[in-house]
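Please keep the sequence and the three-dimensional view open side by side while reading. The paragraphs below begin with a strand, proceed to a helix and end with charged side chains.

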Amino acid sequence: MNFAPLPSVDVAAVPSDGFVLDVREDNEWAAGHVEGALHIPMSDFVARFGELTQAADDGRRVHVMCRVGGRSAQVTQYLVQQGIDAVNIDGGMLAWDGAGRPMVTDSGDPAFVL
């Protein structure tokens with residue numbers, strides 16, 4: 001049962017200095033990600049929840065990202081239930097890449113969406 005619509009934003013609405021939480025798995029992150037994003041895979045999320053609350057303790061909006069928006073929607077819903085200002089990024093990394101938003105890799109290789 002969905003009691004309220006899930007807050008979501010288009011990739012174009014994410015500020016260039018916005019706080020992005022990437023919940024994809026390690027191999028997806030390694031292929032390409034948003035520079036400065038916090039990476040906590042959905043599979044580790046509950047165990048590592050404290051890392052997010054520390055990073056977002058200044059009350060910034062959390063923009064939650066996955067590949068297409070399914071996993072991030074679940075995490076966004078959880079965060080909103082915890083009273084955190086969180087929004088799902090519509091279309092995830094595929095939309096981000098499609099909109100020409102910048103991506104980086106830790107290895108310096110060309111970034112792509114896995």
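Which way do V62, V64, H63 and M65 point from β4, and are they buried or exposed? In this predicted model, V62 and V64 point to one side of β4, whereas H63 and M65 point the other way.

The pairing of β4 may be taken up next. The strands β2 and β4 run parallel and are joined by 4 bridges. Within this pairing, L21 has V64 of β4 as its bridge partner. A further parallel pairing, over 3 bridges, connects β4 with β5. Here V64 stands opposite N88 of β5. Leaving aside residues up to four places away in sequence, H63 touches V9, V14, P15, G18, F19, V20, L21, V87 and I89.

Helix α3 is the next element to consider. The unit formed by β4, α3 and β5 is a right-handed β-α-β unit. What length should a helix of 12 residues such as α3 have? At 1.5 Å a residue, α3 (residues 70-81) should span 16 Å, and the 17 Å between its end C-alpha atoms agrees with this expectation. Just after α3, G83 adopts a positive phi of about 85°.

Which residues of α3 are buried? They are S72, A73, V75, T76 and L79. These residues lie on the same side of α3 because they cover an arc of only 170° around the axis. Among the elements that cover them are β2 (19-22), α2 (49-55), β4 (62-65) and β5 (86-89).

The charged side chains complete the picture. The count of salt bridges comes to 6. In one of them, the side chains of R24 and D22 meet with an N to O distance of 2.8 Å. R24 counts as buried because its relative accessibility is 0%, and D22 likewise counts as buried, at 1%.

The closest N and O atoms of the salt bridge between D44 and R48 are 3.7 Å apart. D44 and R48 also belong, with E51, to a network of salt bridges.

Another salt bridge joins D58 to R60, with 3.0 Å between the closest N and O atoms. R60 is partly exposed, as its relative accessible area is 36%.

Notes. Residues are numbered from 1 along each chain as its sequence is written. This is a predicted model: local features need pLDDT of at least 70, side-chain atom pairs count only at pLDDT 80 or more; totals for chains, interfaces and linings use all residues. Side-chain values use heavy atoms; hydrogens and water are left out. Helices (H or I, at least four residues) and strands (E, at least two) are DSSP runs, numbered from the N terminus. The expected span of a helix is 1.5 Å times one less than its number of residues. Buried means under 20% relative accessible area, exposed over 50%, partly exposed in between (1.4 Å probe, protein chains only). The arc is that of the directions from the helix axis to the C-beta atoms. Contact means heavy atoms within 4.5 Å. Two strands pair if DSSP finds at least two bridges between them. A crossover is right-handed if, with the strands pointing away from the viewer, the path from the first strand over the helix to the second runs clockwise. A salt bridge is a side-chain nitrogen of Lys or Arg within 4 Å of a carboxyl oxygen of Asp or Glu.
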